[in-house]
Amino acid sequence: MAATSIYTCVECGTNLDLNPAHLYPPDFYFEAGNKGTLSFSAVDSTKFRFEKEDKIRPFFETLNYWGIQRKRTKILCKSCGRVVGYVYDDGPPLTDSPGQFHFGPSQVIPRAPRFRFKTKALRVASET
């Protein structure tokens with residue numbers, strides 16, 4: 001049997017129940033970057049609290065585009081309240097649509113949520 005990883009909160013040690021099967025490969029490209037983080041396509045929402053965040057300030061949205069208004073959702077550990085990551089909506093497109101006027105994918109196309117966890121906020125243990 002293969003070893004599975006168990007992800008716990010650094011602050012309180014609660015098992016966050018993150019399934020390695022939902023982990024995106026490290027070389028998968030995302031607009032919001034991936035440095036120092038682990039990205040999952042799904043999480044057990046009973047283990048977390050989600051808090052909407054809406055900031056008006058410049059941020060790097062894609063390789064050659066700066067955004068002004070950033071909407072993201074904080075992921076907080078339900079046990080201790082520590083911010084462990086953020087939810088972004090730059091996951092894979094939910095449809096095979098070529099985009100508005102066939103110009104390629106755009107913000108109009110609904111995208112899968114991506115749960116991005118900070119590696120500093122997680123403790124990873126392997127269970128055999």
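Let me start with a term: a residue is buried when its relative accessible area is under 20%, exposed when over 50%, and partly exposed in between, using a 1.4 Å probe and protein chains only.

Some ground rules. This is a predicted model, where local features need pLDDT of at least 70, side-chain atom pairs count only at pLDDT 80 or more, and totals for chains, interfaces and linings use all residues. Residues are numbered from 1 along each chain as its sequence is written, and side-chain values use heavy atoms, with hydrogens and water left out.

Now the whole chain. It has seven strands and zero helices. Of its 128 residues, 31% are buried.

Back to β5. What does β5 pair with? Its partner is strand β6, residues 114-118, running antiparallel and joined by four bridges. Strands pair if DSSP finds at least two bridges between them.

Next, S39. It sits in strand β2, residues 37-40. Is S39 buried or exposed? Buried, with a relative accessible area of 3%. Its side chain makes a polar contact of 2.8 Å with the side chain of R114. That term means N or O atoms within 3.5 Å; within protein, one must be able to donate a hydrogen and the other to accept it, and sequence-adjacent residues count only if both atoms are side-chain atoms.

Terms used: Helix = DSSP H or I, 4+ residues; strand = E, 2+ residues; numbered from the N terminus.
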